[in-house]
Amino acid sequence: MDDVWECVVVGAGAAGLSAALVLGRARRRTLVVDVGLPSNAAAAAIGGLLGHDQRPPAELYAKGRQELAAYPTVEYRHAEIVDGSVVDAGDQILRLVLDSDAEITARRVLLASGMQYCPPKIMGIDELWGRTVFQCPFCHGWEMRDKRLATLATGEDAVHSALMLRGWSDDVVLLTDGPSDLDAGGRRLLEAANVGIVERSIVRLVGHDAQLCAIVFDNGRRLERDGLLVEAPLRQRSRLAERLGATCAPGPLAADSVEVDSLHRTSVPTVFAAGDICTEHSDVAGAIAGGAQAAMIIVQSLLADEFGLPYPP
């Protein structure tokens, strides 16, 4: 089958572009399919990425696509893959269906489409999300340093979240969005760190031009704040992994992470995954590393098919 791609990379975020670069340098015929919705699109900048600290995400991805253009075996296509299946188990051929109804076939598929963040449903949060309302203190903490901060958290994570923020500001308040189950030990830790606690339901967030100004509670009280840390569980953007037969299971960050082994292999031998879609730690640096590692394993698996070279079981 001359029209079979050696690898189709689903997603052109940090993991997908990193993988495609390695595959291109290995001279593997690779198609990158991307819908253009990276997980961190709402963020003003990427924080803590060596060599790219505070670079806007769009600039990083544009640079990555530009680098791929130097490798003739790599093609980039703006599209969405809406379905997939194994069509030839013997030759390990996978069929993928694009949103245009066009079909492509591949020997390997790398799932790197990232995940969708699900911040809490609070009035006013949408226009602030990714800027002054955020889910990762390591990504946004420096920009929020020495400002009036709050964290919205419950359960065992509440104390940890509030004390984590204290590394960036002396003015931190824990919000529990109603009565909480904080125990006496947790309250003592917060009091010793000079962290306030507000156990009222949140009605809305007030902001202007992506800048949080205040948090309004059900009793009408306003708490003036400059930044808010929230929990934002992840979920898959599509059911493509399941359609291809890959096993998904709850993980630390998501209810439907793609299960992979230490070599980024899913439960389907010809389907691999890297980045947010399968990781326990969501960050750009980790996604870049994961994509590169997955690509190297994919090359090894293709060599095993072609020449019988050893390949881990």
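**Reading charges on a surface**

Student: Why does Arg 239 count as partly exposed?

Tutor: Arg 239 has a relative accessible area of 38%, so it is partly exposed. Buried means under 20%, exposed over 50%, partly exposed in between (1.4 Å probe, protein chains only). Areas come from the Shrake-Rupley method. This is a predicted model: local features need pLDDT of at least 70, side-chain atom pairs pLDDT 80 or more, while totals for chains, interfaces and linings use all residues. Residues are numbered from 1 along each chain as its sequence is written, and side-chain values use heavy atoms, without hydrogens and water.

Student: Which residue forms a salt bridge with Arg 239?

Tutor: A salt bridge puts a side-chain nitrogen of Lys or Arg within 4 Å of a carboxyl oxygen of Asp or Glu. Arg 239 pairs with Glu 242, closest N and O atoms 3.1 Å apart. Glu 242 is partly exposed at 42%.

Student: How many salt bridges are there by this rule?

Tutor: The count is 16. Among them, Arg 77 meets Glu 75 at 3.0 Å, and Glu 59 meets Arg 55 at 3.7 Å, N to O. Glu 6, Arg 28 and Glu 306 form a network.

Student: Which residues form a negative surface patch?

Tutor: Patch residues have over 30% relative accessible area and no salt bridge; like charges are joined within 9 Å. Asp and Glu count as negative, placed at CG of Asp or CD of Glu. Here the patch is Glu 156, Asp 157, Asp 181, Asp 183 and Glu 231. Asp 157 is partly exposed, at 45%. Asp 157 lies in helix α4, residues 157–165 (a DSSP run of H or I, at least four residues, numbered from the N terminus).

How values were computed: Patch = residues over 30% accessible without salt bridge, like charges linked within 9 Å, V, L, I, M, F, W, Y side chains within 5 Å. Areas by Shrake-Rupley, 256 points an atom, 1.4 Å probe, with all protein chains shown as cover. Helix = DSSP H or I, 4+ residues; strand = E, 2+ residues; numbered from the N terminus.
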